[in-house]
Amino acid sequence: MAFSPWRLKFANNLQWIAWVLLFSQIFILVHSVANNLHLMEGTSIPEVLGSDVFFEIIEPGELGYTYRLRPAKDFGAPFNESFRAMGVGLIPVDPPSGCSWPRNAEFVEGNIALVERGECSFVTKALKMEEVGALAVIVADNDIKGDEHFIDMVDDNTLREVHIPAGFILGKNGHMIRRTLAKLRRRRAIINIPINLTYVPVVKHKQPPWLGW
């Protein structure tokens, strides 16, 4: 039985619409995967994170998770094979902005400084922590509820050179690290940075439970 031309055209249109809907769903799924790390088994972290790196907190146990960090975009030293800090302290700086000489400078020296975004440029924070003697600086977003969006830390065009690594973490991670250490009356966490997750499927990396899924 032959189909009339209008029926064939209608059938072709339905097929075209079905393909459009299919590709739209695939795009949405891939976009969600790349942004939220909700990946299927077998997908490795470097396939979606590009230059982002990870560190792990090994003490205290309440913070014993893997944390994603976005390195500064165009200043500071890289977090690579030439920089490996295993079993080093992560010290919440006081005051948190890291724009002035910290009250706990003696503990920051020789460790990783944890500061908060705001009050001065990222470069100023990194330079101040370098002056104190920190090995690197981690800047947490000042939005303590922020659990999705990473900020690109860029140079402030003051032509100042930073010689230590600097990176950005989500505000909720920074807040939980500070709050937990304060609750436990600990001045530092012990971390390994960076850690190699090249062959670890994303679904198996130990993301903090307070982040949205």
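1. Contact here means heavy atoms within 4.5 Å. By that rule, and leaving out residues up to four places away in sequence, Asp141 touches Arg117, Ile151, Phe168, Ile169, Leu170 and Gly171. Please keep in mind that this is a predicted model, where local features need pLDDT of at least 70, side-chain atom pairs count only at pLDDT 80 or more, and totals for chains, interfaces and linings use all residues. Residues are numbered from 1 along each chain as its sequence is written, and side-chain values use heavy atoms, with hydrogens and water left out.

2. Asp141 sits in the loop between strand S5 (136-140) and strand S6 (166-169); strands are DSSP runs of E, at least two residues, numbered from the N terminus. Its relative accessibility is 11%, so Asp141 counts as buried (under 20% relative accessible area, 1.4 Å probe, protein chains only).

3. The side chains of Asp141 and Arg117 are joined by a polar contact of 3.2 Å. Such a contact is a pair of N or O atoms within 3.5 Å; within protein, one must be able to donate a hydrogen and the other to accept it, and residues adjacent in sequence count only if both atoms are side-chain atoms.

4. Now to the rings: the structure holds 4 aromatic pairs (ring centres of Phe, Tyr or the six-membered ring of Trp within 6.5 Å; planes under 30 degrees apart are stacked, over 60 edge-to-face, the rest tilted). One of them is the stacked pair Phe55 and Tyr67, at 5.2 Å centre to centre with 15° between the planes. Phe55 is buried at 0% relative accessible area, and Tyr67 is buried at 1%.

Note on methods
Helix = DSSP H or I, 4+ residues; strand = E, 2+ residues; numbered from the N terminus. Buried < 20%, exposed > 50% of the residue type's maximum accessible area, 1.4 Å probe, protein only.
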